[in-house]
Amino acid sequence: MAKKRLLSGIQPTGKMHLGNYLGAVSNWVNLQDDYDSVFLIVDYHSLTSVYENPEKLRADKRDLVIDLLSVGIDPEKCALCYQSDVPEHCELHLILSMMTPLPWLTRVPTYKSKMEEIKDKDLNTYGFLGYPVLQAADILLYEADVVPVGQDQLPHLELTREIARRFNHLYKGAFPEPMEILTETPAIPGTDGRKMSKSYGNTIPVTASPDEIEKLVLKMVTDPNRVRRNDPGNPDICSVFGYHKLFSAKTRQSEIDAACRKGEIGCFDCKKECAAQLIETLRPFHEKRQALLADPSYVDEVLKKGAEKARVIAQRTIQSARQLVGL
Ligand code: TRP
Ligand code: SF4
């Protein structure tokens with residue numbers, strides 16, 4: 001039986017960090033075996049907000065391909081490409097934008113919240129309002145059955161289904177309505193104890209070198225009430241312990257938990273151990289990244305092949321969409 005089609009997209013925003021990886025990309029790596037998968041680096045979506053910084057976009061998208069390959073996205077198993085290397089995205093976006101009622105867009109919760117949240121850029125643009133239509137075009141262009149996304153993207157998925165239904169109704173089209181695969185987003189603590197996020201500057205890049213990881217872990221915040229080495233601590237409020245929970249063996253976690261509460265382990269030693277665990281986990285990613293950096297033409301080739309694979313599907317959809325709407 002043919003595999004179901006899976007489509008997902010990720011915006012290039014700089015080095016991939018542990019939060020991005022554990023929240024989304026590690027799922028992609030697992031899903032690529034079971035689905036006919038297309039993974040897009042959505043550079044057009046990035047342009048909706050970073051249109052004033054071409055150099056940043058150029059560097060960020062290259063970093064992202066390399067990071068995706070470093071953590072195990074396998075170009076033999078999926079199509080990995082830049083959205084802008086498949087111009088059919090633009091055409092479907094345009095066609096869908098013609099029949100998407102404006103109120104469907106102004107009421108999308110991410111639109112309102114982003115407009116209020118982001119003050120350092122002018123997002124009062126035509127393109128930014130159309131962000132979810134472009135996303136719908138990504139999904140429908142490949143007639144995706146499933147879309148792995150986090151909770152925050154559900155309104156965009158719902159809108160995609162509404163657009164698909166409207167198109168199908170107006171033109172007797174046959175876009176399938178995509179279903180989400182909801183990816184759990186474990187709250188990954190950043191180095192300062194807040195949620196890991198680029199905007200807080202508290203991230204750990206997944207391809208960091210052993211030295212970089214050690215430095216970052218050693219400066220992490222622990223239980224602030226622990227002043228002396230033998231003060232009892234509370235692992236529940238310590239981000240270092242948050243990492244032990246993710247990367248250390250279960251039995252070791254309980255030992256550290258108990259030792260911390262009794263003041264029998266120092267934070268420095270605890271951090272050293274944490275860093276060692278993290279270094280072991282991330283070492284293959286770091287090494288893969290170094291190898292890819294040394295072989296730029298391989299990366300170019302992956303992108304070229306990925307776009308070729310994606311375009312075979314995209315062109316078919318566009319041909320039929322053009323036909324249906326009377327172009
Ligand atoms: N909006 C998504 C995000 O910010 C990225 C995205 C663009 C996407 N196109 C997509 C996700 C298609 C899934 C499917 O995470
Ligand atoms: Fe955190 Fe470890 Fe220090 Fe306890 S001993 S507060 S778990 S770093």
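## The second largest pocket

The second largest pocket has a volume of about 330 Å³, where a volume is the space filled by probe spheres set on grid points that are joined across faces, edges and corners. The elements that each give two or more residues to its lining are α4 (88-98), α5 (102-106), α7 (126-129) and α8 (131-141); helices (H or I, at least four residues) and strands (E, at least two) are DSSP runs, numbered from the N terminus. The model is a predicted one, in which local features need pLDDT of at least 70 and side-chain atom pairs count only at pLDDT 80 or more, while totals for chains, interfaces and linings use all residues. Residues are numbered from 1 along each chain as its sequence is written, chains are lettered from A and ligands numbered from 1 in the order in which they are written, and side-chain values use heavy atoms, with hydrogens and water left out.

In total 15 residues line the second largest pocket, and His93, Ser97, Tyr126, Gly127 and Gly130 lie nearest its centre. With 4 residues, α4 gives the most to this lining. By class the lining has 9 nonpolar, 6 polar and no charged residues, where Ala, Val, Leu, Ile, Met, Phe, Trp, Tyr, Cys and Pro count as nonpolar, Asp, Glu, Lys and Arg as charged, and the others, Gly among them, as polar.

## The largest cavity

A search of the whole structure finds 1 cavity of 30 Å³ or more. On a 1 Å grid over the protein atoms alone, a cavity is a set of points where a 1.4 Å probe fits but cannot get out, whereas a pocket is an open set with protein on both sides within 12 Å along at least five of seven lines, and lining residues have an atom within 4 Å of a point. The largest cavity holds about 100 Å³ of space.

Its lining is made up of Thr222, Asp223, Arg226, Pro235, Cys238, Val240, Phe241, Ile256, Cys260, Ile265, Cys267 and Cys270. Two or more of the lining residues come from each of α11, α12 (250-261) and α13, and by class the lining divides into 9 nonpolar, 1 polar and 2 charged residues.

## Ligand 2

The space taken by ligand 2 is the largest cavity; a molecule sits in a cavity or pocket if more than half of its atoms lie within 2 Å of its grid points. Around ligand 2 are Thr222, Asp223, Arg226, Cys238, Val240, Phe241, Cys260, Ile265, Cys267 and Cys270, a residue being near a molecule if one of its heavy atoms lies within 4 Å of it. At least two residues of this shell are supplied by each of α11 (239-247) and α13 (267-293), and the shell has 7 nonpolar, 1 polar and 2 charged residues.

## A buried alanine

Ala310, in helix α14 (residues 296-325), counts as buried because its relative accessibility is 0%; buried means under 20% relative accessible area, exposed over 50%, and partly exposed in between (1.4 Å probe, protein chains only). Leaving aside residues up to four places away in sequence, Ala310 touches Ala79, Cys81, Val86 and Tyr142, contact meaning heavy atoms within 4.5 Å. Ala310 and Leu134 are 176 residues apart in sequence and 16 Å apart in space, C-alpha to C-alpha.

## Positive phi in two loops

Glu143, which lies in the loop between α8 and β4 (146-149), has a phi near 45 degrees, a positive value in a residue other than glycine. Glu143 is partly exposed, with a relative accessible area of 37%.

Lys172, in the loop between α9 (154-171) and β5 (179-182), is not a glycine but has a positive phi of about 55 degrees. Lys172 counts as exposed, at 72% relative accessibility.
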